[in-house]
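Please look at the model shown here. The paragraphs after it go from the interface to individual side-chain pairs.

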Amino acid sequence: MFEELEDYRQKIREFALKEFTEDVAAEYDRKESYPDDLRRKSLSLGIVDMQNPAKVLIAIEELCRVDAGLGIALTTPYFGSEVIMLFGNDRQKEILNDVYSGKYILGLGVTEPSGGSDVAALKTTAKKQGNKYILNGSKMFITNGAIADYLVILARTSEDSNPHHGLSTFLLNTKSKGFSATKLEDKLGVRATNTAELQFNNIELSEDDLIGEEGKGFYYIMMFFNISRIYVAAQSIGIARGAFDKIKSYIKENNVKDEDSMFRLSDVGTRIEASRQMTYNAASYLFEFKPKPELTSMAKAYSSETAVYAAEEAMEILGDESLYESVQRIFRNAKIMEIWEGTSEIEKLVIARYILKGE
Amino acid sequence: MEEENNILRETVAEFCEKNLDEKKIETEGITEKLTELIASQGFLGSAVPDKYSGSGLDETSYEIILEEIAKYSPSVAMKIFILNSMYYPAVKGTSAEDTLNDASTGKISVAVDFINKAGSIESESGKAKGTLKNILGTDADKLVVFGDSTSIVSGPFKSDSRDFMGFRGLKFGDLHLDNSVQVLDKHSRMAEIMENSYGPASAIGLGMISGALQKAIDYTNVRKAFGNKLRDFEPVSFRLARFRAMESILRNSLYSRIDPYYTFNFAMEHLVEIARYSVNTHGGYGYFKDFGVEKFYRDAIVMKSIFYGTDELRKLTEHVYSEKINFV
Ligand SMILES: Cc1cc2nc3c(=O)[nH]c(=O)nc-3n(C[C@H](O)[C@H](O)[C@H](O)COP(=O)(O)OP(=O)(O)OC[C@H]3O[C@@H](n4cnc5c(N)ncnc54)[C@H](O)[C@@H]3O)c2cc1C
């Protein structure tokens, strides 16, 4: 499936090389601002095709290979869309069409100041009052938080002895009264992406804003993670390949021949290949609507650690040449891979649980 | 002796706690005022002899200062290191020795170029021309350049400073030379200077390890997930405990001067790993400047990348193979 899309891969590669020049990437990184002009350009060229999941993975990988800050900024306006696609009502799906067309930017808010790993412990509430829900609470580190038109929000709708029950997802219009977003600054990397803290102060939501069934939110989000973790694996492969590109050119340009460097080069190459195989394998189950969470988590954890490993290797192998900003940006961008959409520790817990379940 | 060292350690720690606001240093740089303050405490020229307005401290005291300062501000520690472990041995015993007076009191700042290896500058009738790339400390008044010979170039320099990931308290960028150059030594002193700096460089590494690790231990002691403190998850606390053991071994190895090659290798091998894990334990917060852990990760990789490469591994290997063989 992926081999058949070589032409498409080439098209994305050319776009990234043309648009994500060193000056442009450095500028957005320095300013820590969202590249809306590039987003519009990518839309007009049909760079991200949300109807074709294999193409989405290729686009993420090739864009992040050249610059992960810009690459992620261009591929996250749809973040959370799968929750609506799978469980949303007709009105929400109309909004989704406008997200796909680029009219709206979407985001998804799960993490809170008090925790992101323990999803079921979240404190934001959406209490039912008549035929309305009243949303109160806050969310932390939300990508697109300060630029999104709509946000998929996970909130507690009822207390239950099982904390996984009683959570629901809503589609929130960010123009709603009582909503505020504060942009968070001074991130280590992926600085072209927008990250914000959100406050919900007695926001009125209608029943029509509820996504799917009340009380099923936790499961919807876990289902979503089966998809988004594959995206992060693709981002990670892109970053690792970007680092690998730097290592290869350095070795060639400087005519490096020592065996130690050759071994390091081959280790990075091997890990990238393994990450790719694992990711495409996990994705193949997902594309048939039969996700295997343990394979997804293995791919996400392994690929993200590979991105960090490759970036650190690039810094070390290039030595003095790593003092240039383009290499450092790869290093700074890589670390987020091990944190978002479930830290490596959380992935390990998922993997272990499923391994034992299968016994 | 041990008591004296402990007192020194406490004094430096107290000074850092009070005066080194690393977030400010990272955005504003090491200001002249801060440099003067560090100099007034005798930390700036710690290892420079007192005849040149330094503190003339022994190696251990100097390394304690570097270690304690690096826990708070790797940038300030690096500034002190550049003067004491690179500039001072480069100008020692030469006609430029008296520049140490102003350097130790913070009146002038100094930088050392060990990256360009002077291939990119030409000197014509005592004038240095050309551009030196990637210099840490572009606001320098005096610059030592290592090439086939060791020379000193006097500022003022034209410079292009740019954003840099590591040691952000120091200005970084390219220096354009159009100045007088003085040859200090017909040989390059670089290799010898680098090797002699293993102890002090390890002390900075140790301070960074210690600073990053302490943040992780403190955070995992209060932050909760799944109803437990993070320290209650054994993969987390086991790892932090192992790192603390490594930190302690490194400190003992450094101050007992067992073997600088091994100490330096150990420090550089573990620095990045520990700084990275400190970011991990902080989850999303670790990725933001506010929590003061990502800077250790940035500084760690920069330190490892520029100080610890194939050359150092070769030196270590040579050292190992030159040891007396007893069993064969
Ligand atoms: C730039 C950025 C963008 C983000 N975008 C979004 C977004 O769009 N939407 C969203 O909802 N979230 C987003 N996040 C949040 C991200 O998903 C969380 O930061 C992440 O899930 C970790 O949660 P936390 O930060 O609360 O860390 P914590 O949950 O507090 O975890 C801290 C540390 O403890 C470890 N830990 C926790 N539990 C265990 C355990 N049982 N065993 C062992 N170790 C454990 C973790 O692995 C981690 O190392 C973003 C974060 C960043 C930095």
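What follows is a walk through the interface, the salt bridges, the aromatic pairs and one glutamine.

This is a predicted model, in which local features need pLDDT of at least 70 and side-chain atom pairs count only at pLDDT 80 or more, while totals for chains, interfaces and linings use all residues. Residues are numbered from 1 along each chain as its sequence is written, chains are lettered from A and ligands numbered from 1 in the order in which they are written, and side-chain values use heavy atoms, with hydrogens and water left out.

Consider the interface between the two chains. Contact here means heavy atoms within 4.5 Å, and on that basis 34 residues of chain B are in contact with 38 residues of chain A. The size of an interface is often given as the accessible area lost when the parts come together. Buried area is taken in that sense, as the accessible area (1.4 Å probe) that two parts lose on being put together, summed over both. Between chain B and chain A the figure is about 3300 Å², with 61% of it from carbon and sulfur atoms. On the chain B side, B:Phe226, B:Tyr287 and B:Phe288 lose the most area to chain A, and together they make up 23% of what that side buries.

Polar interactions also cross this interface. A polar contact is a pair of N or O atoms within 3.5 Å; within protein, one must be able to donate a hydrogen and the other to accept it, and residues adjacent in sequence count only if both atoms are side-chain atoms. Chain B and chain A have 14 residue pairs in polar contact, both residues being at pLDDT 80 or more. Which elements of chain B each supply at least two residues of the side that touches chain A? They are strand 3 (127–136), strand 8 (224–225), helix 10 (260–281) and helix 11 (294–307); helices (H or I, at least four residues) and strands (E, at least two) are DSSP runs, numbered from the N terminus. Helix 11 of chain B gives the largest share of that side, eight residues. Sorted by class, the side of chain B that touches chain A has 16 nonpolar, six polar and 12 charged residues. In this sorting Ala, Val, Leu, Ile, Met, Phe, Trp, Tyr, Cys and Pro count as nonpolar, Asp, Glu, Lys and Arg as charged, and the others, Gly among them, as polar.

Next come the salt bridges, each a side-chain nitrogen of Lys or Arg within 4 Å of a carboxyl oxygen of Asp or Glu. The whole structure has 50 of them over all chains, and three salt bridges are counted between chain B and chain A. A:Glu316 pairs with B:Lys304 in a salt bridge whose closest N and O atoms are 3.0 Å apart.

Within chain B, B:Glu68 forms a salt bridge with B:Arg9, with 2.6 Å between the closest N and O atoms. B:Glu68 lies in helix 4 (residues 59–72) and B:Arg9 in helix 1 (residues 2–19) of chain B, so this pair ties together parts that are 59 residues apart in sequence. Buried means under 20% relative accessible area, exposed over 50%, and partly exposed in between (1.4 Å probe, protein chains only). B:Glu68 is buried at 4%, and B:Arg9 is buried at 19%.

Other salt bridges lie within one helix. B:Glu294 and B:Arg298 meet at 2.9 Å, N to O; they are four residues apart in helix 11 of chain B, separated by about one helical turn, and both are buried. In chain A, A:Lys31 and A:Glu27 have their closest N and O atoms 3.9 Å apart. These residues are also four residues apart, in helix 2 (residues 22–31) of chain A. Rings of Phe, Tyr and Trp (its six-membered ring) pair if their centres lie within 6.5 Å; planes under 30 degrees apart count as stacked, over 60 as edge-to-face and the rest as tilted. The count is 24 aromatic pairs over all chains. B:Phe164 and B:Phe172 are stacked, because their ring centres are 3.7 Å apart and their planes at 10°. One aromatic cluster is formed by A:Phe141, B:Tyr219, B:Tyr285, B:Phe288 and B:Phe291.

Finally, A:Gln328 lies in helix 11 (residues 325–334) of chain A and is buried, with a relative accessible area of 0%. Its side chain reaches the backbone oxygen of A:Ser322 at 3.3 Å. Leaving out residues up to four places away in sequence, A:Gln328 touches A:Met315, A:Ser322, A:Leu323, B:Phe164 and B:Met165.
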